[in-house]
Amino acid sequence: MTSDGDFSDNTTRALNQIRRMIEKGNLPSDGRLPTERELSEKLGCGRRQVRRALEVLEAEGLLWRRQGKGTFAGQPRRPATEMAATIADKVDTLGIMEARMGVEPQLAALCARRATAEDVDRLRLLAERAHGASDSDYWELWDGALHRLIARIPDNPILSAAFDLLDTVRMDENWQHDRHLARTLKTKVVYHEQHQRIIDAIDARDANAARAAMTDHLQTLTDDLRRSMRETGEVHSFATEARITDKTSKRRLKK
């Protein structure tokens, strides 16, 4: 996967729109979703995008298909959605990463204590789907699904709400664009190895190792984003510029 992947085919947007549809309760009482063709027309996107989004939601365990009857949703309401809408334009890419560093390592540690064997199998499936993704857009979908499942398994309402807020904010197009530019064939391999270490620690029920592995993963992603933004000159706010400059200055002082 390279940074010139099919970024314009933003299935993440379709996924977000379907999530919102479910959250707002705009479905029949049985939770049945419209057909792929109907969703495509309603959302103004291609059926390929809709199919990918539904595939991710199904792998997350948030919807299921009944042969001959359709696709049904069981997505819990995410109260963070409205709050995220009010702060999305006030948070830059590196600000999101700072917040993720404060939340996701603890979720990984709790996940190690509470995950079932079935949960671990699902995590491995999502990691493999991300690794085998054919383009940047698809990789983002499966990577997000993996992190969402790690956040959902601990079943801690407060941490879950914090993660949902972060997850919703990172649907912003600037975030998606920055992630796309930072992603290369080399980083894809590194991220997959790091995902495996996180899941192995969860499988071993080693909370400290899971926390450390998630911290290492997020730090690597932060460094890659910072490097990419410097190389491309894609700095979206003064706050982002300050974070990059501060990090660079600290490294020079250490030398």
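**View 1. Ile-202 and the residues it touches.** Not counting residues up to four places away in sequence, Ile-202 touches Ala-108, Cys-111, Ala-112, Ala-115, Val-120, Leu-123, Ile-150 and Ala-210, where contact means heavy atoms within 4.5 Å. This is a predicted model, in which local features need pLDDT of at least 70, side-chain atom pairs count only at pLDDT 80 or more, and totals for chains, interfaces and linings use all residues. Residues are numbered from 1 along each chain as its sequence is written, and side-chain values use heavy atoms, with hydrogens and water left out. You will find Ile-202 in helix H10; helices (H or I, at least four residues) are DSSP runs, numbered from the N terminus. With a relative accessibility of 0%, Ile-202 counts as buried (buried means under 20% relative accessible area, exposed over 50%, and partly exposed in between, with a 1.4 Å probe and protein chains only).

View 2. How many disulfides does a search of the whole structure find? The search finds zero, taking a disulfide as a pair of cysteine sulfur atoms within 2.5 Å.

View 3. Helix H1 (11–23) has 13 residues and reaches 18 Å from its first C-alpha to its last, close to the 18 Å expected at 1.5 Å a residue. That expected span is 1.5 Å times one less than the number of residues in the helix. H1 is mostly covered, with ten of its 13 residues buried. Among them are Ala-14, Asn-16, Arg-19, Met-21 and Glu-23. Thr-11 sits in H1 and counts as buried, at 0% relative accessibility. Leaving aside neighbours within four places in sequence, Thr-11 is in contact with Gln-49, Arg-52, Ala-53, Asp-137 and Leu-141.

View 4. Is Ile-18 buried or exposed? Ile-18 counts as buried, since its relative accessibility is 0%. Its contacts, not counting residues up to four places away in sequence, are Leu-33, Leu-39, Leu-43, Ala-53, Leu-54 and Leu-57. Ile-18 and Leu-43 lie 25 residues apart along the chain, and 8.4 Å separates their C-alpha atoms.

**View 5. Helix H7, largely enclosed.** Helix H7 covers residues 136–152, which makes 17 residues, and reaches 24 Å from its first C-alpha to its last, close to the 24 Å expected at 1.5 Å a residue. Why is H7 described as largely enclosed by the rest of the structure? Because 16 of its 17 residues are buried.

View 6. A cavity here is a set of points, on a 1 Å grid over the protein atoms alone, where a 1.4 Å probe fits but cannot get out; lining residues have an atom within 4 Å of a point. Residues that line the largest cavity include Thr-12, Leu-15, Glu-140, Gly-144, Arg-148, Asp-167 and Gln-176. The elements giving two or more residues to this lining are H1 and H7. H7 gives the most, with four residues.

**View 7. His-217 in helix H11.** His-217 has its place in helix H11 (residues 207–232) and is buried, with a relative accessible area of 3%. Apart from neighbours within four places in sequence, His-217 is in contact with His-147, Tyr-191, Gln-194, His-195 and Ile-198.

View 8. Asp-155 is found in the loop between H7 and helix H8 (157–169). Its phi is near 55°, a positive value in a residue other than glycine, and Asp-155 counts as exposed at 65% relative accessibility. Arg-205 lies in the loop between helix H10 (185–203) and H11, with a phi near 60°. Arg-205 is partly exposed, with a relative accessible area of 38%.

Notes. 1 Å grid on protein atoms, 1.4 Å probe; cavity = no way out; pocket = protein on both sides within 12 Å on 5 of 7 lines; lining within 4 Å.
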